[in-house]
Amino acid sequence: DPQQLELATSGKRKLRRFIVIDEVVDELYGSKVREYFEENNVQHKILALPTTEETKSMDLVLNILQEVQNFSIDRRTEPIIAIGGGVCLDIVGLAASLYRRRTPYIRVPTTLLSYVDASVGAKNGVNFLQCKNKLGGYTPPVASFLDRSFIQSIPRRHISNGLGEILKMALMKHKGLFDLLKSHGKYLLDTKFQSYSGSADHRDAALQTTRIAIETMLEELAPNLWEDDLDRLVDFGHLISPELEMRVLPSLMHGEAVNIDMAFMTYVAHARGLITTEEKEQIIQCMRGLELPVWHGGCSWPLIKRALMERLKHSGGQPRMPLPTGLGVAEIFNDTSEETLARAYKLWVRD
């Protein structure tokens with residue numbers, strides 16, 4: 001709106017911003033964030049919160065909304081800014097969608113996982129009754145600001161965690177991305193996705209990898225933003241992992257749980273004859289190279305059966321199981337027998 005833009009930039013009204021930042025990110029970057037708003041003469045309120053899978057609840061959403069109400073924002077011209085990992089972005093997105101029915105918000109992801117996953121799409125939510133993201137909605141941000149320099153301060157395990165979601169897109173949609181991860185996985189872990197001009201042999205693998213991961217994610221999400229079509233390749237790795245992740249909290253991170261799910265489903269694809277033994281081994285070796293877990297004791301046969309039953313409830317009575325049919329290509333299947341699943345599970349546990 002030109003009038004709103006003129007009002008915002010004319011100096012007639014002081015710019016105001018409400019920022020929610022993860023408390024760990026605040027310790028690392030909070031002073032820079034405050035300095036930025038002060039230098040630009042922006043009146044601001046920064047709320048630092050513990051945003052973890054265990055605190056991802058409506059209580060935290062209501063805490064944020066209480067502070068938003070106290071600060072008092074214009075719901076059309078003063079977006080709420082979320083700076084943090086995926087949990088932070090999810091919680092703030094839900095809070096913004098509820099405040100006066102919809103307040104604009106901006107995502108600033110600070111972990112690799114949120115950079116390639118939570119920054120894209122419209123979903124937000126919180127955990128409820130020990131179920132992952134049981135409450136939520138679809139409210140896209142007005143913008144996502146992507147800055148890989150945040151990633152340099154996160155632990156190596158968090159880099160690996162993010163690589164799990166990147167590998168998901170590689171296996172489903174992009175053989176070239178899979179090859180990048182195979183060739184440059186260790187380098188990306190070692191350099192924490194930073195770009196160095198002196199590494200000509202790696203041709204800025206960090207930029208290529210993140211760009212392809214985000215572009216393939218957008219290709220899948222954009223035509224189906226509200227999930228009207230429940231056949232979604234991006235659900236690969238997300239059939240069993242929600243149950244596993246919540247059951248073993250906090251021992252597995254999201255991308256790790258997703259990878260364990262993907263490892264099992266790779267065995268299912270092999271048991272169905274969709275991929276060769278060599279392709280299965282390539283996938284598992286790539287996962288190991290990215291320092292991702294390929295099995296977990298908590299992923300028992302009863303848990304898998306329970307998770308797939310839950311899947312049927314929430315996907316129109318069909319399992320809608322995305323499976324690789326090669327490297328970088330996939331299809332969705334509704335006819336995988338329990339006998340095939342059990343055979344795959346035995347081989348997976350044996351290996």
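Visitor: Which elements each supply at least two residues of the lining of the second largest pocket?

Guide: They are α2 (23-39), β3 (80-84) and β4 (105-109). Helices are DSSP runs of H or I with at least four residues, and strands are runs of E with at least two, numbered from the N terminus. This is a predicted model, where local features need pLDDT of at least 70, side-chain atom pairs need 80 or more, and totals for chains, interfaces and linings use all residues. Residues count from 1 along each chain as its sequence is written, and side-chain values use heavy atoms, without hydrogens or water.

Visitor: Which one gives the most?

Guide: α2 does, with five residues.

Visitor: And which residues lie nearest the pocket's centre?

Guide: Tyr36, Phe37, Ile81, Val108 and Phe145. They belong to a lining of 25 residues. By class, that lining has 17 nonpolar, four polar and four charged residues. (Ala, Val, Leu, Ile, Met, Phe, Trp, Tyr, Cys and Pro are nonpolar; Asp, Glu, Lys and Arg are charged; the others, Gly among them, are polar.)

Visitor: What counts as a pocket?

Guide: On a 1 Å grid over the protein atoms alone, an open set of points where a 1.4 Å probe fits, with protein on both sides within 12 Å along at least five of seven lines. Lining residues have an atom within 4 Å of a point.

Visitor: New topic. At what angle do α9 and α12 pack?

Guide: About 125 degrees, with axes 8 Å apart. So α9 is oblique to α12.

Visitor: Which residues make that contact?

Guide: Glu243, Leu244 and Arg247 of α9 meet Leu303, Arg306, Ala307 and Glu310 of α12. Contact means heavy atoms within 4.5 Å. Three of these residues are nonpolar and four are charged.

Methods
Axes are lines fitted to C-alpha atoms, for helices over the stretch in contact, and angles run from 0 to 180 degrees between N-to-C directions. Angles under 35 degrees count as roughly parallel, over 145 as roughly antiparallel, 65 to 115 as roughly perpendicular and the rest as oblique.
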